[in-house]
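Guide: Please look at the sequence and the model below. The questions that follow take up its parts in turn.

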Amino acid sequence: MNRKIILTGLTILLNLSLFAQNFISPDKQWNVRLSTTFGYSTEIYKIEGDSLVNSLLYSKIWVSYDSLETFTFKGLL
């Protein structure tokens, strides 16, 4: 019984700490490692700029493939 209570408490604490992180921020970038049959590559995502669509303000998502020099527009968030 004590083991179940401890495991439940730890699970709740871990979930709270994961949701407490600030995910969306223009000063951050996210690196995603892709695995293919020919090797590995990296996608680099960042948020920069904004766009107004139907009176709603969206952040622009940019992506680069193995380079920090050339970013292409990926979508809106």
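Visitor: In the hairpin of S2 and S3, which residue takes a positive phi?

Guide: Strands (E, at least two residues) and helices (H or I, at least four residues) are DSSP runs, numbered from the N terminus. The hairpin of S2 and S3 has two residues between its strands. The residue with a positive phi, near 50°, is Asn54.

Visitor: What kind of model is this, and which pLDDT do local features need?

Guide: Residues are numbered from 1 along each chain as its sequence is written, and side-chain values use heavy atoms, leaving out hydrogens and water. The model is predicted: side-chain atom pairs count only at pLDDT 80 or more, totals for chains, interfaces and linings use all residues, and local features need a pLDDT of at least 70.

Visitor: How many bridges join S2 to S3?

Guide: Two strands count as paired if DSSP finds at least two bridges between them. Strand S2 covers residues 39–53 and strand S3 covers residues 56–65, and the two run antiparallel. Within this pairing, Ser51 stands opposite Tyr58, while Ile47 has Ile61 as its bridge partner. The number of bridges joining S2 to S3 is nine.

Visitor: Which residue of S4 stands opposite Trp62?

Guide: S3 also pairs in the antiparallel sense with strand S4 (residues 72–76), over four bridges. These strands form a hairpin with six residues between them, and Asp66 in the turn has a positive phi of about 60°. In S4, Gly75 stands opposite Ile61, and the residue opposite Trp62 is Phe73.

Visitor: Why is one side of S1 and of S4 left without a neighbour in the sheet, and what does the twist average?

Guide: Four strands form an open, antiparallel sheet in the order S1-S2-S3-S4. S1 (29–36) and S4 stand at the edges with a single partner strand each, so one side of each has no neighbour in the sheet. With axes taken as lines fitted to C-alpha atoms (for helices over the stretch in contact) and angles running from 0 to 180 degrees between N-to-C directions, the twist from one strand to the next averages 35°.

Visitor: How far apart in space are Val32 and Tyr45?

Guide: Val32 is found in strand S1. Not counting residues up to four places away in sequence, Val32 touches Ser41, Thr42, Glu43 and Tyr45, where contact means heavy atoms within 4.5 Å. Val32 and Tyr45 are 13 residues apart in sequence, and their C-alpha to C-alpha distance is 8.0 Å.

Visitor: Is Lys46 buried or exposed?

Guide: Lys46 forms a salt bridge with Glu48, their closest N and O atoms being 3.1 Å apart; the term requires a side-chain nitrogen of Lys or Arg within 4 Å of a carboxyl oxygen of Asp or Glu. Buried means under 20% relative accessible area, exposed over 50%, and partly exposed in between (1.4 Å probe, protein chains only). Glu48 is partly exposed at 45%. Lys46 has a relative accessible area of 18%, and is therefore buried.
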